[in-house]
Protein chains: 4
Amino acid sequence: MSTIGFIGLGQMGTPMALNLIKGGHTLKVFDINQAAVQQLVAQGATAAASPAEAALDSEFVVTMLPNGTLVKNVILGENGVTSTLDKNALLIDMSTIHPLETDNLIKEMSDKGFSMMEAPVGRTSEHAVRGELLIMAGGTKEQVERAKPLFDCMGNETVDCGGAGKGIRVKIINNYMSIALNALSAEAATLSEAIGLDWDTAMKVMSGTPAGKGHFTTTWPGKVLAGDLSPVFMIDLAHKDLGIALDLANQVNVPMPCGAAAREVYNLTRGAGRGRQDWTAVLEQLRVSSGLEAKIK
Amino acid sequence: MSTIGFIGLGQMGTPMALNLIKGGHTLKVFDINQAAVQQLVAQGATAAASPAEAALDSEFVVTMLPNGTLVKNVILGENGVTSTLDKNALLIDMSTIHPLETDNLIKEMSDKGFSMMEAPVGRTSEHAVRGELLIMAGGTKEQVERAKPLFDCMGNETVDCGGAGKGIRVKIINNYMSIALNALSAEAATLSEAIGLDWDTAMKVMSGTPAGKGHFTTTWPGKVLAGDLSPVFMIDLAHKDLGIALDLANQVNVPMPCGAAAREVYNLTRGAGRGRQDWTAVLEQLRVSSGLEAKIK
Amino acid sequence: MSTIGFIGLGQMGTPMALNLIKGGHTLKVFDINQAAVQQLVAQGATAAASPAEAALDSEFVVTMLPNGTLVKNVILGENGVTSTLDKNALLIDMSTIHPLETDNLIKEMSDKGFSMMEAPVGRTSEHAVRGELLIMAGGTKEQVERAKPLFDCMGNETVDCGGAGKGIRVKIINNYMSIALNALSAEAATLSEAIGLDWDTAMKVMSGTPAGKGHFTTTWPGKVLAGDLSPVFMIDLAHKDLGIALDLANQVNVPMPCGAAAREVYNLTRGAGRGRQDWTAVLEQLRVSSGLEAKIK
Amino acid sequence: MSTIGFIGLGQMGTPMALNLIKGGHTLKVFDINQAAVQQLVAQGATAAASPAEAALDSEFVVTMLPNGTLVKNVILGENGVTSTLDKNALLIDMSTIHPLETDNLIKEMSDKGFSMMEAPVGRTSEHAVRGELLIMAGGTKEQVERAKPLFDCMGNETVDCGGAGKGIRVKIINNYMSIALNALSAEAATLSEAIGLDWDTAMKVMSGTPAGKGHFTTTWPGKVLAGDLSPVFMIDLAHKDLGIALDLANQVNVPMPCGAAAREVYNLTRGAGRGRQDWTAVLEQLRVSSGLEAKIK
C-alpha cells in the first residue's frame with residue numbers, strides 16, 4: 001500500500017480518490033473546494049493545504065483537473081507539486097487535457113529529473129463510483145506497471161497505449177468519436193421522428209447494421225483495412241442515398257450539419273475518381289487528403 | 001408457390017431473383033441487360049420482353065431498380081407494369097428511392113385501383129446471395145403478410161415498419177446513419193494514424209465505449225430518452241474535448257469536416273443555455289431546432 | 001410590338017408582365033390565382049383560361065413559375081403551351097429551376113420542333129417593379145437577340161451567358177454565392193456583437209478589405225488567377241487566424257458552421273502540401289479535389 | 001521624433017520598421033534572424049541583443065510576432081521588454097494573436113504599472129512596404145492618440161476600435177470574414193468551371209449582385225438591420241436555390257462544404273418558423289441561436 005497525493009476532487013476525482021482509500025492506500029488530498037476535501041477526510045484522507053503538501057513524502061501524486069492550465073499550475077506553480085516531489089515518486093496526470101500540453105509537461109518534468117506519466121480515464125462518473133473506469137495509460141512499461149495497483153482500484157480495465165503521450169491521444173480519439181457520433185446520432189433520430197417513424201422500429205433495424213454497430217468491426221476489416229476496395233456498396237450509391245436523406249431532412253426542417261459535411265466527403269471521394277470503389281474507400285481518401293501515404297493502389 | 005414478375009437484375013436484383021426461384025416460385029424476368037436475363041433463364045426463369053409482359057398474369061411484381069425515375073417508367077410508362085397488371089396482384093418496389101417518389105407512386109397506383117407496397121432491403125450483395133437480406137416492409141398488415149413468403153426467400157429478417165412509405169423511410173434513416181458514420185469513422189481513424197497511435201489499441205478502447213458501440217443503446221436510454229438531462233458528462237466538457245481533437249487534427253493536417261460540424265452543434269446547444277446539461281441533450285436541442293415540441297422541461 | 005403569352009403571375013411575374021404591357025406589348029396571361037390575373041386584366045391584358053390559350057397565336061411565351069415540375073406541366077401537360085404553340089414562336093422560361101430540368105425541357109422542345117430558351121432573372125421584386133432586373137440569357141445568339149426587346153422592358157441589363165442552359169447555370173452560381181455568403185456574413189456579424197464590438201467600426205474596417213469587397217476582384221486576379229501562388233498571405237497563417245476566430249466563437253457560443261467548414265478546407269489545402277502557398281491557393285486545391293486539371297505547377 | 005524599440009522583423013515587421021526609420025524615428029531592433037537585423041542596421045537602426053535592450057530608454061516598443069506565446073515571452077520572459085521598460089513608455093503589440101492572450105497581457109502589464117495597447121494591421125506585405133497598412137487600434141483614447149504618429153508612418157488609415165482588446169477583435173472578425181469567404185468563393189468558382197461556364201461572364205453577373213458586393217451594404221441595411229423581415233427574397237426560396245446548387249455540385253463532384261453548412265443554417269432558420277421571412281433573417285436567427293436577445297419581434 002502506498003502514500004498518494006491526490007489533487008482535484010471533482011465529479012470524477014472524488015470517487016476515484018475514495019476507491020484508492022478503499023483499496024487500502026493512504027491519501028493526502030488537495031482541492032480548493034473544502035467541502036470536497038472534507039468528504040474525503042471523513043473517509044480517512046488527510047487534508048493538504050497545497051499541492052506541495054500533498055506531494056510531500058508521497059510515492060505517487062495523482063492529478064485530476066479540468067484543464068491543462070490548472071494541471072500546469074498545480075505541478076509547476078507556486079507551492080506546486082514539484083516544490084516537494086521526491087525524484088523517486090511517480091506523478092500521474094489523469095486529467096483530459098490537450099496532448100501537446102501533456103507532451104510539454106512530461107518533457108519539462110523529465111528535464112527536471114521527475115517521473116511523470118499520463119493516464120486519462122474513460123466511461124462516466126457512475127463507473128468512477130463503482131471503480132469500473134477504463135484507464136488509458138501513457139508511459140514507459142515500468143511506469144505503467146508501477147501504477148497498475150492504483151489503476152486497479154479506480155478502474156477495471158487498463159490499456160497500455162504504447163508510451164508517453166499515447167494515453168491522452170487515445171483518449172482524445174475515443175472522445176472525438178463518441179462526442180461527434182452523439183451529434184450525428186441526434187440528426188438521425190430527429191429526422192426519424194420528423195418523418196413519422198416509430199423510434200423502436202428504426203432502432204431495431206439500425207441495431208443490426210453498421211448504423212448501430214459501427215464500421216470498425218463490420219465493414220472495414222474485410223475491405224479497406226484489408227486493402228480491398230472492390231465494391232460491396234459503391235461510393236456513388238452511398239453518396240446518392242445520403243443525398244436523398246439530406247433532401248428529405250431539408251424538406252422537414254431538420255438541420256443535419258454532420259450529414260451535410262459527410263456528403264461533401266463522399267463528393268470529395270468521387271472527385272478523386274473513387275465513385276465505383278467500395279464505400280469504405282472514404283478512409284483511404286481521407287488518409288491521402290491528409291498527406292498520409294496511400295496504402296491501396 | 002407464386003408467379004412473380006421480377007424487374008431489375010443488377011448486383012442486388014439478380015441474387016434476389018435467384019433465391020425466389022430456389023424457393024420454388026415461377027419467375028418472369030425483365031432487364032435491359034440481356035446477359036443478366038440469360039443468367040436467370042438458365043436457372044429456370046422466363047424472359048419477358050417488357051415490364052408489361054413480366055407483369056402479365058403475375059400474382060406479384062417485384063421491382064429492384066437504381067432510381068425513382070426508372071421505377072416510375074417501368075410501372076407507369078409505355079409497356080409498363082400497369083398496362084397488364086391484375087388488380088388482385090401486389091406490386092412490391094424493393095428499390096431504394098426517394099420516399100416522396102414512393103409516396104407518389106403508391107398514391108397513383110392506389111388511385112388506379114392497384115395494390116402496391118415498398119420493401120427496400122438492407123445489408124450487402126453478399127447477404128443477397130445468401131438469402132440473408134434485411135427487409136424493411138412498408139405496407140398494410142395484409143400486404144406485408146401476403147408478401148412474407150417472398151421476403152423469406154430473399155432475406156432472413158423482415159421488419160414491418162408500420163405502413164405505406166414507412167419501409168423506405170426506415171431504410172433512408174438507416175442508410176443516413178451508416179453512410180455518414182462511415183465518414184466520421186474515417187476522420188477518427190485518420191487522425192489516430194496521423195498522431196502515431198496503433199490502430200488496434202485505439203480500436204480496443206473504442207470498442208468498449210459509445211465511440212464503438214454507438215449511443216442508441218448506451219448513453220441515450222437512461223438519459224435523454226428517459227427525460228433526464230442531469231449531467232453524467234456535461235455538454236461543456238464534451239464541447240471542450242471535441243475542440244481539443246479538432247485543434248490536434250488541424251495541427252497535423254487531417255481534415256475533419258464532420259467533427260467540425262458536430263462541434264458547432266454542441267456550440268448551438270451551449271448557445272441555448274444547455275452547457276451544463278448531459279451531453280445527450282444534443283438530441284433534445286436538435287429536436288427543438290427542427291421545430292419539434294420540447295419533450296424535456 | 002408583340003403578342004406575348006405570360007404564365008406565372010407571382011411576386012416577380014406580376015411586375016414583369018406589367019412592364020411588358022407598359023412597353024407596348026399585347027399580353028395574354030395565365031395563373032391559377034385569379035386575383036393576380038385580374039390585376040393584369042385591369043392594365044389591359046387578356047385573361048387566358050389555360051397555358052394553351054395563352055400560347056395560341058403568341059409570338060412569345062414567357063413562363064415565370066416557382067419550380068421545375070410546374071414549368072414542365074405548363075409546357076408539356078394537358079392544355080399545356082405545346083398544344084397550341086406556333087413552331088415559329090419563342091418560349092422563354094424565366095423561372096429559377098434545376099439546370100438539368102432546363103436542359104431536358106429544351107431538348108424535348110427541340111425534338112418536337114419548338115424554339116425554347118431560358119432567361120432567369122437577378123435582383124429583387126423591387127427591381128422587377130422598376131424594370132431593372134438583371135437578365136441572364138441562355139440560348140442561341142438569334143434567340144437572345146430576338147428576345148432582347150422583351151428583356152429591355154423587364155430589366156436594364158442583359159447578359160448573354162453563352163448558350164442554352166448557360167443562363168440558368170450562371171443564375172445558380174450567382175445565387176449559390178449570394179445565399180451562402182449571407183449565412184457566412186451572419187456568422188461574422190453575430191460574433192462581432194457577441195464579443196462586444198461596435199458594428200459600424202467592424203463594417204468600416206471590412207468595407208476596405210476582401211472581407212467586404214470579396215476576392216474575385218481583389219486578391220485573386222494577381223495571384224491564383226494569374227498562376228502565381230507565391231505567398232502574400234500564407235495558407236498556414238490564414239488557417240491559424242481562422243482557428244483563433246472559431247475558438248473565440250466557441251467560447252461565446254456563436255455557432256459558425258460555415259467558418260468551421262472553411263477551416264477544414266484550409267486544412268485539406270495544408271494536407272496537400274500547400275501550407276506555404278498564397279491563401280488564394282484554396283481555389284487551385286478545390287479545383288484539383290474536384291478532379292479538374294491542375295492549372296498551376 | 002521618438003526612440004522606438006522594434007521587435008520582430010518578419011515579412012510584415014521589416015517594412016514597418018523601415019517606414020518608421022523613413023519617418024525620422026530612431027530604432028533599436030531585435031530579431032533572432034540576424035540577416036533581418038542587419039537589413040535594418042544598414043538603414044540606420046541600432047541592433048539590440050535582446051528585447052530588454054531594445055526596450056531600454058525607448059518611448060515606444062513595438063512587437064510584431066507570429067504568435068501569442070512569443071509575444072508573451074518577449075515581453076515577460078527572461079531579458080524581456082519589462083525588465084527595462086520605462087513606466088512612461090508605451091508598448092504596442094501589432095501581432096495577430098488570440099484576443100484572450102491580448103486581454104491577459106494588457107491586464108498583467110497594467111498590474112505591473114506598464115502601459116500597453118494593441119494595434120494589429122490589415123492588408124498585405126506589399127501595403128506594408130508602401131506604408132499603406134490599415135491599423136486597428138485597441139487602447140484608450142490617449143494611447144491611440146499618442147501612437148498615431150507611428151501608425152501614420154506604417155499605414156494610411158487608423159481605425160480606433162473603441163478600447164483595449166477591441167483592435168485585435170476587429171482584426172479577428174475581419175480575418176474570419178475574408179479567410180472563410182476565400183474558401184466559399186473557391187467553391188463558387190470551381191463549380192462554375194466544372195459546369196462549363198465562362199468565368200468572366202459569371203464574374204460580370206456576380207459583380208453586380210450581393211454575390212460580389214457582399215450583404216453588409218446591400219441587402220442588410222434596409223431589412224434585418226432596420227428591423228424589417230418582410231420578404232424581398234424569402235428564406236424558403238433561398239433555401240431551395242441553395243439546394244439546387246449543391247445538387248448540381250454533387251453531380252459534378254465539386255465538394256462545397258461551406259455551402260453545405262450554409263444550407264443547414266437556412267434549414268435551421270426554417271425550423272424556427274422563419275421560412276417566409278426575408279433571407280436576411282438568417283442574421284437574426286443566428287443571433288438568437290447564440291443566446292443573444294432577439295431584436296425583431
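**View 1. Strands β7 and β8 of chain B sit side by side, running in the antiparallel sense.** Everything here comes from a predicted model. Two bridges hold the pairing of β7(B) with β8(B), and strand β8 of chain B covers residues 133–137. To find your way around this pair, look for Gly122(B), which has Leu134(B) of β8(B) standing opposite. Now bring in a helix from another chain: α9 of chain A, residues 199–206, packs on this sheet. Helix α9 of chain A touches β8 and β9 of chain B, and its direction makes about 165 degrees with that of β9(B).

**View 2. Here is the whole open sheet of chain B, with its three strands in the order β7-β8-β9.** The pairing in this sheet is mixed. Which strands of chain B stand at the edges? They are β7 (121–122) and β9 (155–160) of chain B. Each of these has a single partner strand, so one side of each is left without a neighbour in the sheet.

**View 3. Chain C has an open sheet of three strands too, in the order β7-β8-β9 and with mixed pairing.** At its edges you'll find β7 (121–122) and β9 (155–160) of chain C, and because each has a single partner strand, one side of each goes without a neighbour in the sheet. Zoom in on β8 of chain C (residues 133–137) and β9(C): these strands run parallel, joined by five bridges. A handy landmark is Met136(C), with Val159(C) in β9(C) standing opposite. A helix lies across this part of the sheet as well, namely α7 of chain C, residues 141–154. Helix α7 of chain C spans β8 and β9 of chain C and runs at about 165 degrees to β9(C).

**View 4. Chain A meets chain B, with 100 residues from chain A and 100 residues from chain B in the contact.** The area buried between chain A and chain B is about 8600 Å², and carbon and sulfur atoms give 72% of that. There are also 30 residue pairs in polar contact across this interface (both residues at pLDDT 80 or more). Which helix gives the largest share of the side of chain A that touches chain B? That's α8 of chain A (residues 166–194), with 26 residues. Sort that side of chain A by class and you get 59 nonpolar, 26 polar and 15 charged residues.

**View 5. Zooming in on charged partners, we see Arg287(B) and Glu193(A) meet in a salt bridge.** Their side chains come to 2.7 Å, N to O. The count between chain A and chain B is four salt bridges, while over all chains the count comes to 48. Why does this pair join two chains? Arg287(B) lies in helix α13 of chain B (residues 281–289) and Glu193(A) lies in helix α8 of chain A, so the pair reaches from one chain to another.

**View 6. Over at the other interface, chain C gives 96 residues to the contact and chain D gives 97 residues.** About 8600 Å² is buried between chain C and chain D, with 72% of it from carbon and sulfur atoms. On the chain C side, Ile173(C), Tyr176(C) and Ile179(C) lose the most area to chain D, and together they make up 9% of what that side buries.

**View 7. A salt bridge links chain C to chain D, with Glu193(C) and Arg287(D) as the two partners.** The N to O distance between these side chains is 2.7 Å. How many salt bridges cross the interface of chain C and chain D? Four. Polar contacts between chain C and chain D come to 30 residue pairs (both at pLDDT 80 or more). Helix α8 of chain C (residues 166–194) supplies 26 residues, the largest share of the side of chain C that touches chain D. By class, that side of chain C has 58 nonpolar, 25 polar and 13 charged residues.

Terms used:
Residues are numbered from 1 along each chain as its sequence is written. Chains are lettered from A and ligands numbered from 1 in the order in which they are written. This is a predicted model: local features need pLDDT of at least 70, side-chain atom pairs count only at pLDDT 80 or more; totals for chains, interfaces and linings use all residues. Side-chain values use heavy atoms; hydrogens and water are left out. Two strands pair if DSSP finds at least two bridges between them. Helices (H or I, at least four residues) and strands (E, at least two) are DSSP runs, numbered from the N terminus. Contact means heavy atoms within 4.5 Å. Axes are lines fitted to C-alpha atoms, for helices over the stretch in contact, and angles run from 0 to 180 degrees between N-to-C directions. Buried area is the accessible area (1.4 Å probe) that two parts lose on being put together, summed over both. A polar contact is a pair of N or O atoms within 3.5 Å; within protein, one must be able to donate a hydrogen and the other to accept it, and residues adjacent in sequence count only if both atoms are side-chain atoms. Ala, Val, Leu, Ile, Met, Phe, Trp, Tyr, Cys and Pro count as nonpolar, Asp, Glu, Lys and Arg as charged, and the others, Gly among them, as polar.
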